[in-house]
Amino acid sequence: MNYKPFCETEILFTTKEGMENKLSSMDVKNIVLVMSESSARRWNMDNFINGLKRKCESKLKGNFIWIKSIATNPTQRDIFDALKQIGNTPIDAIFVFGGGSA
């Protein structure tokens with residue numbers, strides 16, 4: 001009997017550059033990014049995020065959804081609002097950056 005996991009999770013400990021290279025090399029066209037705008041600015045990731053968005057939408061004809069409003073202690077309402085942003089969009093990968101709130 002073959003076991004197929006419902007959801008695989010990869011935890012990567014690396015440098016910022018290593019992480020950007022890893023994510024850029026993945027051929028997934030429908031991505032959800034969970035990261036606050038302030039974190040993106042603080043870590044100087046704006047160019048990377050814009051490039052990932054262009055790759056998804058222009059090159060691969062997919063969808064890029066950035067959930068950038070993250071409450072300090074998210075409630076069920078916050079999760080519901082994030083799910084509304086995703087809607088019926090098929091998702092290949094979810095990238096989450098930040099602390100416990102993300």
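Start with the second largest pocket, which holds about 330 Å³ of space. A pocket here is an open set of points on a 1 Å grid over the protein atoms alone, where a 1.4 Å probe fits and protein lies on both sides within 12 Å along at least five of seven lines. Its volume is the space filled by probe spheres set on the points, which are joined across faces, edges and corners.

Select V34, I67, D78, I79 and A82. Of the 17 lining residues, these are the closest to the pocket centre; a lining residue has an atom within 4 Å of a point. Now colour strand 1 (30-34) and helix 4 (76-86), the elements that each give two or more residues to the lining. Helix 4 supplies the largest share, seven residues. Helices (H or I, at least four residues) and strands (E, at least two) are DSSP runs, numbered from the N terminus.

A word on the model. It is predicted, so local features need pLDDT of at least 70 and side-chain atom pairs count only at pLDDT 80 or more, while totals for chains, interfaces and linings use all residues. Residues are numbered from 1 along each chain as its sequence is written, and side-chain values use heavy atoms, with hydrogens and water left out.

Zoom out to the whole chain. Count four helices and three strands. From the N terminus, trace them as α-β-α-α-β-α-β. The C-alpha atoms fill a box of roughly 40 × 30 × 30 Å along the principal axes. Of the 102 residues, 28% are buried, meaning under 20% relative accessible area (1.4 Å probe, protein chains only).

Next, select V28. Find V28 in the loop between helix 1 (16-25) and strand 1. Is V28 buried or exposed? V28 counts as buried because its relative accessible area is 15%. Show its partners: leaving out residues up to four places away in sequence, V28 touches C56, L60, D92, A93 and F95. Contact means heavy atoms within 4.5 Å.

Move to F48, in helix 3 (residues 46-59). F48 is buried too, at a relative accessible area of 12%. Which residues does F48 touch, not counting those up to four places away in sequence? Select E20, L23 and S24. E20 is 28 residues from F48 in sequence, yet the two lie 7.2 Å apart, C-alpha to C-alpha.

Finish with contacts across the chain. Among those with a separation of 6 or more, 76% join residues 24 or more positions apart.

Conventions. Buried < 20%, exposed > 50% of the residue type's maximum accessible area, 1.4 Å probe, protein only.
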